[in-house]
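I opened this notebook to record what I looked up, beginning with the ligands and ending with a helix.

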Amino acid sequence: MKILVADKISPKGVDFFKAQQGYTVVEAYGSSPEQILELVKDVDAIAVRSETKVTAEVVAAAPNLKVVGRAGVGVDNIDIDAATERGVIVMNTPGGNTIATAELTFTHMLCGTRPIAQANATMKGGGWGRKQYSGFELMGKTLGICGFGRIGAEVAKRAQAFGMTVLAYDPFLTDARAQSMGISKVTLDDVIAQSDYITVHMPLNDETRGMIGKDAFAKAKDGLRVFNCARGGIIDEAALIEAVQSGKVAAAGLDVYEGEPLAEDSPLRKLDNVVLTPHLGASTAEAQESVGVEVAEQMVEALNGGTVRNAINMPSVDAKALEALKPYLSLGEALGTFIQQLGGECIESLKITYFGKITELDTLPLSRAIQRGFLKHIVEQVNDVNAPKKLEELGVKVETTSSNTDTSYQELVEVQTIDATGKSRTVGGTLFTRRQEPRIVHIDHHGLEVNTSGTLLVLKNQDVPGIIGFIGTVLSEDGINIANMSLSRDQGEGFAISVYELDSVPSETTQSKITGHKDIEKFRVIEL
Ligand SMILES: NC(=O)c1ccc[n+]([C@@H]2O[C@H](COP(=O)([O-])OP(=O)(O)OC[C@H]3O[C@@H](n4cnc5c(N)ncnc54)[C@H](O)[C@@H]3O)[C@@H](O)[C@H]2O)c1
Ligand SMILES: O=C(O)[C@H](O)COP(=O)(O)O
């Protein structure tokens, strides 16, 4: 495996890569976009922080690329869509720099309350300035936190320790969590109208870009103090500059910017009551060691075919849950591959239903395995990362449900296809013998028992004598052994469904002989 470490991550993380047998590590910090395109030509994985941009062009230039690892939280420097389309796993290390960033945020809040940075600059210039640098207290003030995730919550705890009242705006924050943290869950308008301090802790996207802008400053209290240690652009820079210049905003602290590095001539650099740091949130020894080692471990585990942790573009499952799911994954893949070949062409919908005990597990990886299996014979380079996207591109709608309807099995996975004419085909599978052996247990609700590997001949015929003998004869003339056979008779309708497990695929001639038999309505050769 060849790993490109494109941004400076902890030496312990780099050493972890180097310690792996058969791994080659290229460390190339501060490379230009052109150099990156050249460097990724033969790499299996790229480790980055926020500097290197993993664009669609970079993904396209790296045919062997399997994993992009981000030693940190934000993945806005990685083109997730391009990576997903190619089946490249993108992973981050979400918790490792939470405390570092919460502490930097709090440092900014303190600096925006007591003019430490400004006083320090005066002192270094030979001055004293005791009178001009008096400040305020945090005690008794209201802090509004927009984005109450890992970092937002840590900032809240620190603010409470300083005697602040905390309001939070986060559409995903539950009442129970707000209550247990002793904070008030409010609307964005309330945060803006009631806060003395506002800090933002969410990703930058179309919803959050400019969330604190001209309108917000107009509705805010006079003398508001604002802080952004999340992503540049959540607080609109032009609006902030205006609000600081007009005195509406009394102080601000920024660690992140709309463009990084911040332009040398940015007006922000000239505002006395705005304290700036160069994207230092995660830059502590502890955080860097944590995210550097974590990203290296996660990447190696994924590259070696183990558990995929903290992936952005596929379900992440912990090792224990994955162990419990393992036997189901090969069943799922086989059911997907089977139904794609049984369902025929122009399939518009793929419905997955889980029954019984399996509904207690996290079935997301299993649903991915079914989708991957479905695409196995029709799309090249499909994996759990890109399977949903490939199905979407093919116009196949995927629906997954859990049902509490009783079946004859302790647990059952059912996969149904519906084609453009509305015709539906269904296959069901379960695990036999203490959950280890995958079996197909029905086709279109006709009970059978079929193994989930190799070549299958699926037959629908009139339920008349001589069919099994005929199939045995034509296959033996072709030199093909039958390993197993399962039969389901529908006496009411007078036909039978049978599945023959074969040692190899029947020749064209044999298949024409089967087609020619007057009592055989249809058959399919299915390769699992
Ligand atoms: N300055 C730095 O060096 C630094 C370091 C670490 C993280 N960060 C950034 O800080 C941000 C927060 O990181 P985190 O680890 O707390 O992430 P997190 O995922 O734990 O929390 C983000 C929170 O934002 C909320 N959210 C999402 N959309 C929202 C919206 N429209 N309105 C309000 N809330 C919304 C989510 O519900 C979530 O609770 C990220 O952007 C991350 O990239 C910056
Ligand atoms: O999202 C993050 O984790 C931070 O922005 C840290 O970025 P960095 O690794 O480039 O310091």
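I note that domain bounds come from an automatic or database domain assignment. With those bounds, I found that the shell around ligand 1 takes at least three residues from each of domain 1 (2–96 + 287–303) and domain 2 (98–276).

I keep in mind that this is a predicted model, in which local features need pLDDT of at least 70, side-chain atom pairs count only at pLDDT 80 or more, and totals for chains, interfaces and linings use all residues. Residues are numbered from 1 along each chain as its sequence is written, while chains are lettered from A and ligands numbered from 1 in the order in which they are written.

I counted a residue as near a molecule if its C-beta atom, placed from the backbone, lies within 6 Å of it. Ligand 1 is surrounded by 30 residues, and the closest are Gly74, Gly147, Gly149, Met202 and Gly281. Helix α7 (150–161) and helix α5 (98–111) each supply at least two residues of this shell, helices being DSSP runs of H or I with at least four residues, numbered from the N terminus. The largest share, three residues, comes from α7.

I then turned to ligand 2, whose surroundings include Arg49, Asn97 and His279.

Last, I looked at α16 (residues 467–477), where Ile471, Val474 and Leu475 are buried, meaning that 20 or more other C-beta atoms lie within 10 Å of their own, against 12 or fewer for exposed residues. The buried residues fall within an arc of 100° seen down the axis of α16, so they line one face of the helix; the arc is that of the directions from the helix axis to the C-beta atoms. The face turned away from the buried side of α16 carries exposed residues, including Thr473 and Glu477.
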